[in-house]
Amino acid sequence: PFAAMLYNSYDFVETLYNSLSVKGVIVLQLGEATEDYFRPAAQFTKESRRIALIDLLVDVGFEAMHLYEDGNCGFGGAWTFLVAFKKDGDDQAWYRTQAHVDVQIHKRMIRTKSGTHALEYFDGAVMQGYRNPHKIFESAFCRAEPTPYSCKTDRFRESVPLSDFEVKMSAVGDGSGRGVFAKVDIKQGTAISKKEAARSIHVPGSAMDLIERHRAQSADIQNAYGYIDGYGWGTHTFGGDEYFVEPSIMTFVNHGCNGTFNTLDWRSYENWVNGDEGAIVTEQNATVENYERSGKVYDICRDRHVAQEEKSYNVAGRDIKAGEEILCNYIFYDTIYQTALDLKSVCSGEDVGDITKAEVASKGVPSFEELA
């Protein structure tokens, strides 16, 4: 058929890409949504044409894609659509909360003369359904061969509970503040307080915007900002400069300079034990390329579990003795290369961490820069 030929044409898809503006977005219909929970991966069915189209979209330069379905299109059943963004990061609005979407609709929609709603089938709640693909799509996606990276799980790994750790003054060095120490021996490969890692506090970009705007007017808001910025890690997944913060004593775990950390996030650990020499990045060998977008442009599994991806947990990279301080790798606690440069300065003794700076300032002690 003509449509099949058209959507498998590199020249046609490239023309679509070039016709869009720099921040261009295109929506493509992919056909009727399936109701079969047990269907095989698209690569083994007639839906392989969808995969071919998605591959073409990636090849011509689209940097982010999301799949969704809608049952209000006037067809016999729900219909499937693909949204493709020219630039990674321009899809941040896709992750907005229900309240944020409803506020934007209220601000931007022109009022009808009759006073009825201008949109019949769309609001913030509907958008939440769009951004979370149906489980059927994820199941089929994860049956692909080879298994997509995001579909691999670690749910059966043994974990050391939070009660087997304690907080004391860190032994890392002067100005390192508090640290977390093991109260029991921990075997290599064991998860570190896995349950608590899944409960990380999420501060959305919209909330951070409000905190930034008002922190100069309130000591309480300033203290909240100091806690979030000092103990959290930054990301841009859901839109804007947002943060996640550990909710337990594990937030006091320090960075292990020069590769001395004894814990790794579980995905890096798995890659490392399987022979990937590039799985471990430190402040000493980090490059700008390490902070460029990683992972697939189109990933249904990640779309359904994006929050869990940000709340990853660590495992012991080697045997850890009782009384030993737990050290992790801060290298990707933010999404910019400046993180590596800042850590390098701290590890060389040229600077101190943000928490130490904040606590010194709160006591009226001269700053590190003033003493240097």
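The model is predicted, so local features were taken at pLDDT of at least 70 and side-chain atom pairs only at pLDDT 80 or more, whereas totals for chains, interfaces and linings use all residues. Residues are numbered from 1 along each chain as its sequence is written, and side-chain values use heavy atoms, without hydrogens and water.

Helices (H or I, at least four residues) and strands (E, at least two) are DSSP runs numbered from the N terminus. Buried means under 20% relative accessible area, exposed over 50%, and partly exposed in between (1.4 Å probe, protein chains only). Strand β3 spans residues 79-85, and seven of its seven residues are buried, so the strand is largely enclosed by the rest of the structure. Trp79, Phe81, Val83 and Phe85 point one way. Thr80, Leu82 and Ala84 point the other way. Strands count as paired if DSSP finds at least two bridges between them. Strand β1 (residues 25-32) pairs with β3 in the antiparallel sense over seven bridges, with Gly31 opposite Thr80. Strand β2 (residues 64-70) also runs antiparallel to β3, over seven bridges. Here Asp70 faces Trp79.

Rings of Phe, Tyr and Trp (its six-membered ring) pair if their centres lie within 6.5 Å; planes under 30 degrees apart are stacked, over 60 edge-to-face, and the rest tilted. Tyr269 is buried at 7% relative accessibility, while Trp272 is partly exposed at 35%. Ring pairs also link Tyr68, Phe81, Trp94, Phe122 and Tyr130 into a cluster.

A charge sits over a ring if NZ of Lys or CZ of Arg is within 6 Å of the ring centre and within 35 degrees of the ring normal. Lys168 lies over the face of Phe181, 4.6 Å from the ring centre. Arg215 sits over Tyr225, 3.9 Å from its centre.

The structure holds two disulfides, defined as cysteine sulfur pairs within 2.5 Å. Cys142 and Cys151 are bonded at 2.0 Å, and the link is left-handed, with -80° about the S-S bond. Cys257 is joined to Cys347, S to S 2.0 Å. Cys257 lies in the loop between β11 (254-255) and β12 (263-265), and Cys347 in helix α13 (residues 338-347), 90 residues apart.
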